[in-house]
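Please look at the charged side chains in the structure below and at how they pair. The text that follows walks through some of these pairs.

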Amino acid sequence: MSTKEVVMTEEWNESDDFKRVGTEGLSGEDIGEKSLTYWADVWRRFRENKLAIFGLILLGLIVVLLFIGPMVTGQDYQLIDASIKNQGPSSAHWFGTDDMGRDLFTRVCVGGRISIYIGLCCTLVMFVIGALLGALAGLKGGLVDDIIMRICEFIGNLPWVGTARMVRGQILQIKEQDYVQAATALGASTGRIIVKHLLPNTLGIIMVDITMSVPGFIFSAAFLSYIGLGVRPPETSWGALASAGQQQLMFYPHELFFPCLMIVLTMLTFHLIGDGLSDALDPKLRK
């Protein structure tokens with residue numbers, strides 16, 4: 001056997017010693033894991049939080065109840081019937097009746113719509129004003145930043161001030177990124193840079209702030225109604241119902257219990273969702 005044939009035989013024997021097992025018909029790309037987008041990864045981590053999912057499901061059930069509840073019972077929340085006033089929960093009146101004989105379940109549903117509507121509207125105003133002013137202050141800096149921050153300090157009790165400061169801090173961290181500098185060099189307007197580049201990259205922390213703010217506004221609206229500064233009859237809200245129920249607490253506690261229960265459950269759901277989002281959006285917890 002020639003020297004060349006000996007070398008070829010040794011190479012063939014070495015190749016026989018190493019064989020791929022279980023990968024027949026598969027390519028290298030198929031073996032790797034499927035890549036996830038940022039928001040897909042956020043959703044994956046969010047749904048792993050059982051309490052957050054519970055809060056999301058419970059909030060959905062509450063919202064559905066508020067809108068279809070009166071249609072199911074067929075009761076008018078303004079209908080007065082003195083013959084059935086202050087009755088306890090029954091098959092005819094699930095939450096009982098109030099001191100004027102009105103169906104309490106229907107009034108809780110209608111009042112809940114108003115309370116949640118107020119909470120969402122206040123949060124939207126807070127987000128729009130706070131996020132835009134905070135982004136503008138962080139992007140422009142200098143005199144513009146000083147003016148906006150001094151205004152925030154002067155009216156520090158308004159709810160959007162905290163959002164403005166939070167967004168400003170985030171913008172200061174990302175405004176020097178290459179994509180922002182490129183947009184500026186290409187002549188993009190300040191508004192376009194804020195809307196297209198800066199705010200989307202602060203959306204995570206803003207979403208957490210929103211979910212934590214909604215229950216605060218709902219409770220504030222309930223408190224104002226409780227002390228008589230909220231919606232006026234014949235309209236109602238959870239706070240107004242709680243105020244009316246507090247006067248009947250000694251003898252008819254159900255009139256206070258059910259509005260307060262709905263306030264507590266709604267605030268709980270938003271806090272659970274907010275905690276879940278905070279964990280899902282935290283880069284330190286990414287696996």
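Asp 41 and Arg 44 both belong to helix H3, which covers residues 38-47. In this predicted model, the two are three residues apart, about one turn of the helix. Their side chains meet in a salt bridge, with an N to O distance of 2.6 Å. Asp 41 is buried, and Arg 44 is buried as well.

The salt bridge between the side chains of Arg 45 and Asp 41 has an N to O distance of 3.4 Å, which falls within the 4 Å cut-off for a salt bridge. Like Asp 41, Arg 45 is buried.

These pairs are part of a wider arrangement. A network of salt bridges links Asp 41, Arg 44, Arg 45 and Glu 48. As a general point, side chains of opposite charge can pair when their charged atoms come close.

Another pair is made by Asp 98 and Arg 102, which form a salt bridge with their closest N and O atoms 2.9 Å apart. Are these two residues buried or exposed? Asp 98 has a relative accessibility of 6%, so Asp 98 counts as buried. Arg 102 has a relative accessibility of 14% and therefore counts as buried too. The cut-off behind both assignments is that buried means under 20% relative accessible area.

Across the whole structure, a search finds eight salt bridges. Among them are the pairs Asp 41 with Arg 44, Arg 45 with Asp 41, and Asp 98 with Arg 102.

Notes: Residues numbered from 1 in each chain as written. Predicted model: local features only at pLDDT ≥ 70, side-chain atom pairs only at ≥ 80, totals over all residues. Heavy atoms only, no water. Helix = DSSP H or I, 4+ residues; strand = E, 2+ residues; numbered from the N terminus. Buried < 20%, exposed > 50% of the residue type's maximum accessible area, 1.4 Å probe, protein only.
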